[in-house]
Number of protein chains: 2
Amino acid sequence: MVDPDGPTPLYVQLADLIEGLIRDGTIPANRPIPSETTLQQQYGVARGTSRKAVELLRERGLVFTVHGKGTYAVETLPPA
Amino acid sequence: MVDPDGPTPLYVQLADLIEGLIRDGTIPANRPIPSETTLQQQYGVARGTSRKAVELLRERGLVFTVHGKGTYAVETLPPA
DNA sequence: TACCATTTGTCCGTATGTATG
DNA sequence: CCATACATACGGACAAATGGT
């Protein structure tokens, strides 16, 4: 999944992985991505790392976040 | 604001700047100073740098920190 | 109304690695 | 060698929003 010893930062690897899930339809539009806590446990990273991954996905225009609810895949994806 | 090329370390410049804000009343007693994250973004420095600046202010007796909440200006300022 | 669980938001504390002067 | 500075990554604690009981 993610490689802590690789040259790519963990939070970038995580973001790339989730981007793949969105682009291949595993996570459809307007459906939530895993919570920050779930990502931590699932991939064995700290919360700060999962937060930075989600932040990157927001910057890439792939997801939007609602405080107290969750983070969701956007309707129309930006070009890869 | 802060000069990365100047002879004074960035974190000292940042601390001096905030000390000024406290002494001139811009930041009143028991009010929070900008967070480390805010300082980073505001002045374009790394977190370690903003953290060292706040640490310096603590050593100078100008602020006190509450873990998980924030850093605040003290009630009675030490002599300049 | 009150309470509670979940989730995101915002804080700080610490450590390691890299690079520069 | 050491201080400065940046980036990454871990952890803990509290605040705010949401939704359900």
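View 1. Chain A exposes about 4900 Å², of which carbon and sulfur atoms supply 51%; accessible areas follow the Shrake-Rupley method with a 1.4 Å probe. Buried residues make up 32% of the 80 residues in chain A, where buried means under 20% relative accessible area (1.4 Å probe, protein chains only). This is a predicted model in which local features need pLDDT of at least 70 and side-chain atom pairs count only at pLDDT 80 or more, whereas totals for chains, interfaces and linings use all residues. Residues are numbered from 1 along each chain as its sequence is written, chains are lettered from A in the order in which they are written, and side-chain values use heavy atoms, without hydrogens and water.

**View 2. Secondary structure of chain A.** Three helices and two strands are present in chain A, in the order α-α-α-β-β from the N terminus. Helices (H or I, at least four residues) and strands (E, at least two) are DSSP runs.

**View 3. The largest nonpolar core.** Among its 18 residues, L14(A), I18(A), I22(A), I33(A) and L57(A) touch the most other members. Such a core is a set of buried Ala, Val, Leu, Ile, Met, Phe, Trp, Tyr and Cys residues joined through side-chain atoms within 4.5 Å. In chain A, α1 (10-23), α2 (36-43) and α3 (47-59) each supply at least two residues of this core, and α1(A) gives the most, with five residues.

**View 4. Surroundings of I22(A).** Beyond its neighbours within four places in sequence, I22(A) is in contact (heavy atoms within 4.5 Å) with I27(A), I33(A), L62(A), V63(A), A73(A) and L77(A).

Methods:
Buried < 20%, exposed > 50% of the residue type's maximum accessible area, 1.4 Å probe, protein only.
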